[in-house]
Amino acid sequence: NNPLSWDIVGAETRSDGYCDIRNIYKMGEGCNYIEKLLAICIIVGFIAISSQASAPCALREYKNGFVCVCNATYCDYLDDPSPENEDEFVIVSSSKAGLRFGTTSGKVNDTSFTTVLDYNKTTARTRKVTINVDREKQYQNITGFGGSFTGSVSYILDKLPQGLQDHIYKSFYAQEGIGFNLMRTSIGGCDFDSKAWAYNEEPENDAALSNFTDLDPSEKKRIEQIKHLKEVTNVENLRIKAAAWSPPPWMKTNNKWTGVSRLKEEYYQTWADYHVRWIELWEKQGLPIWAISTGNEPSNGVIFMFFAKFMSLGWLPESQAIWVSEHLGPTMRNKYKDVIIFGNDDQRFTFAFWFKMMKAVRADSVDYLSGLSVHWYWDEIFKPVFIDIARKEMPDKIMLVSESCIGDKPWQKAAPVLGDWSRGEKFARAFLQDLQHDFNGWIDWNIVLDEQGGPNYVENFVDAPSIANMTTLSEVYKQPMFYVMGHFSKFIPEGSRRVLSERTNVNVDTVAFARPDGSLAVIAFNSGSAGVNVTISDTKRGQINFSVPPKSINTVLYN
């Protein structure tokens with residue numbers, strides 16, 4: 001159980017004469033007395049807190065950067081670091097150089113700059129930025145953040161020892177982890193599964209769904225795992241959002257899992273009943289469903305069928321409006337009045353026209369939608385204006401990113417890249433942009449994948465925030481993406497409200513939230529290669545001065 005037995009904890013003398021505390025137990029002659037004493041203190045602290053809520057990252061370096069390693073008996077956690085005193089602030093920082101939720105504290109209205117500890121000797125801090133925060137000017141509320149529990153995730157977890165499974169659960173959903181409260185799963189099969197499948201594949205043309213009376217064993221296993229997740233994490237108000245990738249082929253015009261397809265009109269009501277039946281069966285197993293969507297990525301069955309080799313069902317907004325207005329909406333409201341229906345569940349570029357066309361065909365169709373969900377995959381090309389149009393027309397809907405991952409593009413490596421900070425930065429930019437444009441939350445894709453980025457029956461491998469070593473079944477690696485997401489999900493809990501935060505220049509991007517307890521969380525993202533002196537100017541509290549390292553994301557907490 002001693003974390004110091006790991007090869008990632010230890011220390012070396014670096015060429016610039018500094019003592020690298022990432023390699024503590026190899027203290028070299030170049031480390032001075034104070035540095036050696038500091039290293040010894042860190043070792044003692046590391047051992048002392050390894051069994052407590054807070055525990056430091058066990059850092060390991062790979063070719064492309066650093067990961068934090070968890071095994072069955074040890075994983076890193078951070079208990080609530082919020083300042084207890086009115087005159088204090090706390091900075092939680094993660095960086096390319098290897099910081100992972102490092103904490104630093106300072107005094108509000110201290111004219112000196114509190115410096116965030118970084119592992120590397122940083123370049124001169126010549127850049128300056130002021131973040132003006134006005135908590136009186138408020139915007140959207142936060143519904144939450146989460147990840148997806150697919151068939152692939154369930155398969156991986158089932159292979160790992162229980163202690164390591166529990167660390168994965170707690171890392172994502174416990175308060176000492178990154179505090180997720182949302183979860184997405186599939187109704188039947190999806191691409192991250194062992195095969196394409198749906199309920200009631202046989203008998204065919206069975207509008208009564210006579211063979212859909214029980215859940216598939218794989219889904220029962222998933223339910224057992226999610227229920228155990230709730231037990232070990234004590235997650236409050238876990239909200240499960242579900243989506244169907246495809247009905248059984250006999251309901252579709254092409255009678256195939258993929259390709260150009262539509263739902264046959266004679267099965268419009270059957271497909272609505274299918275959704276209700278699935279919710280009923282999950283509820284009987286003790287897991288109520290918070291929300292469903294109108295279907296995963298309908299454009300895959302219309303224009304992207306050459307790229308999407310996995311299960312899909314094509315929809316046009318006109319036909320989907322009829323299905324929602326006359327079948328799904330009334331059927332759901334008759335049985336489950338409180339289950340939220342999310343519309344679209346597709347890429348950003350569809351938003352500008354999708355709901356307008358639904359309204360034009362059936363005006364009440366969007367009334368059945370309490371939420372709008374979007375996938376992030378083309379956000380670097382299609383700007384937020386596509387979202388802003390839909391948000392302006394429907395300001396009262398919950399708006400979530402419901403799927404995100406890296407490795408899906410031809411120019412990206414379709415596999416995990418251990419320690420790649422640049423992938424974490426992509427998440428940081430996307431989170432900041434969407435929150436600045438009134439999103440209420442974010443659900444990532446698979447919470448854990450294997451070394452290939454699967455398993456996946458069509459081999460469309462991607463990266464994930466945690467990667468399991470399925471060769472040894474003894475380790476999981478937390479990627480930079482995990483910590484970047486955590487800078488939002490851990491410190492911006494459900495019920496937080498965005499407040500005005502304006503930067504004086506582009507050196508640091510930012511967003512700020514008033515939390516339910518009245519405290520403030522300000523994100524300061526420095527993607528540059530130099531450190532930055534940052535001043536938060538709060539209309540109520542005054543100034544907070546601190547220096548952040550290059551290539552870092554920082555969350556500032558104060559009252």
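Here is a short tour of some cysteines, a helix and a few charged pairs.

Before clicking, note that this is a predicted model: local features need pLDDT of at least 70, side-chain atom pairs count only at pLDDT 80 or more, and totals for chains, interfaces and linings use all residues. Residues are numbered from 1 along each chain as its sequence is written, and side-chain values use heavy atoms, with hydrogens and water left out.

**Stop one: the disulfides**

How many disulfides does the structure hold? There are two, a disulfide being a pair of cysteine sulfur atoms within 2.5 Å. Number the bonded cysteines of the protein in sequence order and the pairing reads 1-2, 3-4.

Select C57 and C68 to begin with; their sulfur atoms sit 2.0 Å apart in a disulfide. This pair links distant parts of the chain, 11 residues apart: C57 is in the loop between α1 (33-49) and β3 (59-62), while C68 is in strand β4 (residues 65-70). As for the element names, helices (H or I, at least four residues) and strands (E, at least two) are DSSP runs, numbered from the N terminus. Look along the S-S bond of C57 and C68: the torsion is about -105 degrees, so this disulfide is left-handed.

Now move to C70 and C75, another disulfide with its sulfur atoms 2.0 Å apart. The link of C70 and C75 has 55 degrees about the S-S bond and is right-handed.

C57 counts as buried at 15% relative accessibility, and C68 is buried at 0%. C70 is buried with 2%, and C75 counts as buried with 3%.

While you're on cysteines, pick C190, which is buried at 0% relative accessible area. C405 is buried too, at 6%.

**Stop two: helix α10**

Select residues 480-489, which make up helix α10. Why is α10 described as largely enclosed by the rest of the structure? Because 10 of its 10 residues are buried. Among them are P480, F482, Y483, H487 and F488.

**Stop three: salt bridges**

The structure holds 26 salt bridges, each a side-chain nitrogen of Lys or Arg within 4 Å of a carboxyl oxygen of Asp or Glu.

Select D345 and K241, whose side chains meet at 3.7 Å, N to O. D345 lies in strand β13 (residues 340-347) and K241 in strand β11 (residues 239-243), so the pair ties together parts that are 104 residues apart in sequence. Both D345 and K241 are buried.

Next, select K551 and E425, another salt bridge with 3.7 Å from N to O. K551 is in the loop between β23 (542-548) and β24 (552-558) and E425 in helix α9 (residues 421-436), 126 residues apart. Is each one buried or partly exposed? K551 counts as partly exposed at 25%, whereas E425 is buried at 5%.

Finish on D438 and R498, where the closest N and O atoms of the salt bridge are 2.9 Å apart. D438 lies in the loop between α9 and β16 (441-446) and R498 in strand β19 (residues 497-503), so the pair ties together parts 60 residues apart in sequence. D438 counts as partly exposed at 25%, while R498 is buried at 11%.

Notes
Buried < 20%, exposed > 50% of the residue type's maximum accessible area, 1.4 Å probe, protein only.
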